[in-house]
Protein chains: 2
Amino acid sequence: MQGPTDDVVAAWVRLVRAQRAVMGAVEADLKRAGEPPLSWYDVLWSLVQAPDGRLAPRDLEGALLLEQYNLSRLLDRLEADGLVARVPHPGDRRRQFVEITERGRALRERMWPVYAEAVQRHVGARLGDGEARCLAAILGGLLGGRF
Amino acid sequence: MQGPTDDVVAAWVRLVRAQRAVMGAVEADLKRAGEPPLSWYDVLWSLVQAPDGRLAPRDLEGALLLEQYNLSRLLDRLEADGLVARVPHPGDRRRQFVEITERGRALRERMWPVYAEAVQRHVGARLGDGEARCLAAILGGLLGGRF
DNA sequence: GCAGGGTTCATGCAACTGCATCCATATCGA
DNA sequence: TCGATATGGATGCAGTTGCATGAACCCTGC
């Protein structure tokens, strides 16, 4: 196979570094505001968007690109805080649904302004007109099927 | 402060997801080939590029966007494998240099082909002409001062 | 109906990370 | 010079992740 061009390597390096820097900054803003980590928001948001506020763990896994065991434990923590509930799947006792609770919805709504402001500060404010759209398009291609 | 536009949010979401997907895939390729994780490569490569193959931990920290304590322990592991050596700083006994060893250089050279192929497969092959350059440019702006 | 195999989710254990703090050393100011 | 403060790096502990495996359940073919 042909090796990557210099441009590709540069893009890769900056992708890793930009994500680390920006995500770290957003995560830090959330923490400073006394809110839970981003991964909690991601789960809650996925559930809010889903019909009936519930999803199969497997779907969450795919949506959030989490490993099965990581999701399992993340859900443990969310459940312990009363933000989601695991409800049995009628007809298949292996499976289950994860359902957001009222408390979970409330937390997500409380987190959103903090999150949005952090994203604006660390991403929005640094991108010119059209750059955001262009970035999203290219990254979408990079993601290929996975989205 | 004005909230982020939809385009900014989309860019943010894809940035996180793309980095997770691509980085996970590259990391997995390295592991499959029996090589150490990417963080090891990053340190070794930073040292190779530095004059005399040595850097102050603080500089590595900035270059790799690692926390001080994480770098300290990463260096523990690299040192335990004989890939780097901590050498005292003449004139300030608090400080030190991290110096790559021959063994470290050899490992980096062995890792590179595997790494390069993974980057090509998961990044290069998915970007059209000019997209890599465009992506690198936008992400560079996103990084702002930090690089 | 039941043995074998696949699917879904959980968990024991080891490695890694985050956080607070500590230790040793250097620097600054009176 | 000496005490207060700052800096560079390490470390104890708790929380999280990765990996391998396990437990419960479903399904298929015989």
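User: Which base atom of DNA strand D does the side chain of B:Gln68 sit by, and at what distance?
Analyst: A base nitrogen. It is 2.8 Å from an N or O atom in the B:Gln68 side chain. Keep in mind that this is a predicted model.

User: What about B:Arg73 and DNA strand D?
Analyst: A polar side-chain atom of B:Arg73 is 3.0 Å from a base oxygen of DNA strand D.

User: How many residues are around DNA strand D, and which come nearest?
Analyst: There are 19. The nearest are A:Tyr69, A:Asn70, B:Lys31, B:Gln68 and B:Ser72.

User: How do the residues near DNA strand D divide into nonpolar, polar and charged?
Analyst: Eleven are charged, five polar and three nonpolar.

User: Switching to DNA strand C. Which residues are closest?
Analyst: A:Lys31, A:Ser72, A:Arg86, B:Asn70 and B:Arg93, out of 20 that surround DNA strand C.

User: Which DNA strand C atom does the A:Ser72 side chain approach?
Analyst: A phosphate oxygen. A polar side-chain atom of A:Ser72 lies 2.8 Å from that oxygen.

User: And which side chains have an N or O atom by a base of DNA strand C?
Analyst: A:Gln68 is one of them, with a side-chain N or O atom 2.9 Å from a base nitrogen. B:Arg73 is another, with a side-chain N or O atom 3.0 Å from a base oxygen of DNA strand C. The elements giving two or more residues to this surface are helix 3 (57–64) and helix 4 of chain A, together with helix 4 of chain B.

User: What are the class counts and the sugar or phosphate share for DNA strand C?
Analyst: The surface has twelve charged, five polar and three nonpolar residues.

User: New topic. Which domain does UniProt annotate on chain A?
Analyst: The unreviewed UniProt entry gives "HTH marR-type" for residues 5–144.

User: How much of residues 5–144 is helix, and how far apart are the end C-alpha atoms?
Analyst: The span is 67% helix, with 9% strand. Its end C-alpha atoms lie 20 Å apart.

Terms used:
Residues are numbered from 1 along each chain as its sequence is written. Chains are lettered from A and ligands numbered from 1 in the order in which they are written. This is a predicted model: local features need pLDDT of at least 70, side-chain atom pairs count only at pLDDT 80 or more; totals for chains, interfaces and linings use all residues. Side-chain values use heavy atoms; hydrogens and water are left out. UniProt positions are given in the numbering used here, feature names are shortened, and annotations may be inferred rather than shown by experiment. Helices (H or I, at least four residues) and strands (E, at least two) are DSSP runs, numbered from the N terminus. A residue is near a molecule or strand if one of its heavy atoms lies within 4 Å of it. A polar contact is a pair of N or O atoms within 3.5 Å; within protein, one must be able to donate a hydrogen and the other to accept it, and residues adjacent in sequence count only if both atoms are side-chain atoms. Ala, Val, Leu, Ile, Met, Phe, Trp, Tyr, Cys and Pro count as nonpolar, Asp, Glu, Lys and Arg as charged, and the others, Gly among them, as polar.
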